[in-house]
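The following exercises are to be worked with the sequence and the structure in view. Each task is followed by a solution in steps.

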Amino acid sequence: MIKGSSDAQNPSKVPFYLYKFLFARTHPKPNSYTIAFVLKACSIASAFEEGRQVHSHALISGLLFSSPFVQTALLNFYGKCGEIGFAQQVFNEMSERNLVSWSTMVSGYVRNGLVNEAFCLFGEMQKLDIVPDEVTMVSLVSACAMSGALDIGGWVHAYVSKLGIRADIELGTALVNMYAKCGSIEKAKEVFDAMPVKDTKAWSSMIVGLAIHGLAGEALKAFSKMQETKVRPNHVTFLGVLSACAHGGLVSEGQKHWSAMLECGIEPSMELYGCMVNLFCRANLIEEAHKFTENMPIIPNPIIWRTLLMGCKRSKTLMGKAETFVERLLELEPLNDGNYILVCNLYASQSRWEKVKEVRKKMKERNIDVIMPGKSSIEIDGFVYEFVMGDWSHPEARAIREAVREMCEKVAAAGHKPDISSVLHDMVEEEKEKALLEHSERLAIALGLIKIKAPAVIRVVKNLRVCEDCHEVTKLVSRLYEREIIVRDRVRFHRFVNGACSCLDYW
DNA sequence: TTAGGGTTAG
């Protein structure tokens with residue numbers, strides 16, 4: 001009954017209530033099967049409190065330590081509920097670990113965004129000669145997709161072939177997704193074409209991949225082929241189709257697919273509404289987009305308002321409307337620093353400096369600080385390089401900026417209008433950066449910190465620029481030194497400083 | 001009758 005009432009499509013707490021009903025009786029007693037089933041049901045429903053109670057029963061009844069099934073189910077439950085610390089604890093306390101328990105821990109890390117931890121654990125598995133299977137590899141491929149690590153992803157793919165691991169439909173889909181997300185759409189297509197069986201998720205993965213690469217025509221062609229092969233599309237498939245239409249400027253095509261989607265009986269989600277709003281906005285049809293938003297049966301979320309605002313910025317019209325969108329957005333999310341930046345940039349792009357001032361004042365009144373700058377990253381030869389606005393610490397920073405500027409010029413020559421203001425702004429800022437670097441180097445030398453290399457000092461300065469206080473910089477650098485943190489690894493240090501930056505009070 | 005995996009708007 002407990003297993004039968006658990007349904008991944010319709011998560012509910014019914015299995016837990018049945019378990020509770022059973023537990024209230026003296027007979028029969030739950031066994032390891034019962035606990036494993038109910039824990040799985042709790043992980044599907046993300047029923048954290050309920051699962052914890054089951055954990056406690058498993059412990060008291062002695063079923064936890066006697067059954068690897070119960071232990072792994074519990075480990076999986078914590079991982080799926082986002083409680084990776086508890087999952088780790090269960091894993092550490094396991095007396096005997098098998099391939100399934102290792103794979104569960106790896107997948108828990110990946111699910112919670114801990115890509116490095118997942119790869120470290122995989123390394124430990126290899127040291128212990130535990131041979132991974134297709135399930136383990138799916139998690140690792142997903143980890144690469146999340147972090148944009150194409151080189152490592154390619155290595156994982158090669159490793160799968162080398163070990164002779166069967167690339168089933170899940171692994172195939174994960175590979176298609178990984179290659180597409182990491183920028184290699186050709187390789188994604190190659191893997192997809194080689195898949196003997198393709199289901200809804202596999203097709204969706206390919207369509208979304210083509211859409212994010214701006215290949216609207218190919219995405220729509222893939223969608224027709226999917227329909228020819230009688231594979232039923234779901235809401236994710238339509239996310240791909242509609243975002244392809246949005247990026248390709250295919251408004252009527254998108255509207256046609258929206259109607260077809262409703263006919264399929266797919267309930268439009270917030271994401272799908274968002275795709276349609278974006279479809280109109282990218283075609284400069286802000287009025288239509290707004291009308292569409294007003295007719296939504298659900299309350300639009302901040303993403304929808306931001307999409308509309310970006311539409312206004314792009315079309316450089318309807319600033320009166322933009323003000324309404326700003327109001328809605330700041331009502332919904334008054335504490336999100338990114339919203340204020342977006343609004344400031346919008347007004348600045350229209351040279352409406354009075355409005356910019358007003359927003360900045362509002363930020364001050366509401367104590368909004370911009371703590372984490374947006375960043376981009378790229379992996380080359382297994383090394384992840386991260387970039388933030390105004391970051392000149394990369395040894396080839398100038399060449400990189402020049403290349404971006406050249407690309408923008410080529411795009412402009414092709415008849416498009418790229419926004420290169422940030423690149424130009426960055427290049428002007430280089431001079432200031434140099435001055436800052438010299439200053440921070442002097443500080444470092446004065447403090448006897450020659451062990452900390454210049455790029456590290458720049459980052460410290462950069463992250464403290466928010467408060468524009470050299471005294472703070474000095475304090476931070478000396479505390480780094482006191483703690484004997486000597487920088488060898490750029491990426492690790494970058495993360496470290498970002499962390500430090502977001503908790504200045506701690507420092 | 002028990003444990004691990006794939007696609008998701010701006």
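Helices and strands are DSSP runs, numbered from the N terminus; a helix has at least four residues. By this numbering, Ser-205 lies in helix H13 (residues 200-212). The model used throughout is a predicted one.

**Exercise 1. Describe the overall make-up of chain A.**

Solution. 
Step 1. The secondary structure of chain A consists of 27 helices and 2 strands.
Step 2. Of the 507 residues in chain A, 42% are buried.
Step 3. Among the contacts with a separation of 6 or more, 59% are between residues 24 or more positions apart.

**Exercise 2. Determine whether Ser-205 is buried or exposed, and state which residues Ser-205 touches.**

Solution. 
Step 1. A residue counts as buried when its relative accessible area is under 20%.
Step 2. The relative accessible area of Ser-205 is 12%, so Ser-205 is buried.
Step 3. Not counting residues up to four places away in sequence, Ser-205 touches Thr-173, Val-176 and Asn-177.

**Exercise 3. Classify the aromatic pair of Phe-48 and Tyr-78, and then that of Trp-258 and Tyr-273.**

Solution. 
Step 1. A pair of aromatic rings is described by the distance of the centres and the angle of the planes. The structure holds 17 aromatic pairs.
Step 2. For Phe-48 and Tyr-78 the centres are 6.2 Å apart and the angle between the planes is 65°. Planes over 60 degrees apart count as edge-to-face, so this pair is edge-to-face.
Step 3. Phe-48 belongs to helix H3 (residues 48-61) and Tyr-78 to helix H5 (residues 68-80); the pair links distant parts of the chain, 30 residues apart. Both Phe-48 and Tyr-78 are buried.
Step 4. For Trp-258 and Tyr-273 the ring centres are 5.5 Å apart and the planes stand at 55°, so the pair is tilted.
Step 5. Because Trp-258 lies in helix H16 (residues 251-263) and Tyr-273 in helix H17 (residues 270-282), the pair ties together parts that are 15 residues apart in sequence.
Step 6. Trp-258 counts as buried at 10% relative accessibility, and Tyr-273 is buried at 8%.
Step 7. Phe-48 and Tyr-78 also belong to one aromatic cluster with Phe-77 and Phe-86.

**Exercise 4. Which ring does Arg-97 lie over, and which ring does the charged end of Lys-198 sit over?**

Solution. 
Step 1. Arg-97 lies over the face of Trp-102, at 5.8 Å from the ring centre.
Step 2. The charged end of Lys-198 sits over the ring of Phe-192, 5.0 Å from its centre.

**Exercise 5. Describe how H6 and H7 pack, and how H1 and H3 pack.**

Solution. 
Step 1. The axes of helix H6 (residues 84-92) and helix H7 (residues 99-111) come within 10 Å and cross at roughly 160°.
Step 2. Angles over 145 degrees count as roughly antiparallel; H6 and H7 are therefore roughly antiparallel to each other. Their crossing is left-handed.
Step 3. On the H6 side the meeting residues are Ile-84, Ala-87, Gln-88 and Phe-91; on the H7 side they are Ser-101, Trp-102, Met-105, Gly-108 and Tyr-109.
Step 4. Helix H1 (residues 14-23) and H3 have axes 11 Å apart and pack at an angle of about 35°. The crossing of H1 and H3 is also left-handed.
Step 5. H1 contributes Phe-16, Tyr-19 and Phe-23 to the contact, while H3 contributes Glu-50, Gln-53, Val-54 and His-57.
Step 6. His-57 counts as buried at 18% relative accessibility. Leaving out residues up to four places away in sequence, His-57 touches Tyr-19 and Phe-23.

Key. Residues are numbered from 1 along each chain as its sequence is written. Chains are lettered from A and ligands numbered from 1 in the order in which they are written. This is a predicted model: local features need pLDDT of at least 70, side-chain atom pairs count only at pLDDT 80 or more; totals for chains, interfaces and linings use all residues. Side-chain values use heavy atoms; hydrogens and water are left out. Rings of Phe, Tyr and Trp (its six-membered ring) pair if their centres lie within 6.5 Å; planes under 30 degrees apart count as stacked, over 60 as edge-to-face and the rest as tilted. Buried means under 20% relative accessible area, exposed over 50%, partly exposed in between (1.4 Å probe, protein chains only). A charge sits over a ring if NZ of Lys or CZ of Arg is within 6 Å of the ring centre and within 35 degrees of the ring normal. Axes are lines fitted to C-alpha atoms, for helices over the stretch in contact, and angles run from 0 to 180 degrees between N-to-C directions. Angles under 35 degrees count as roughly parallel, over 145 as roughly antiparallel, 65 to 115 as roughly perpendicular and the rest as oblique. A crossing is left-handed if the near helix is turned anticlockwise from the far one by less than a right angle, and right-handed if clockwise. Contact means heavy atoms within 4.5 Å.
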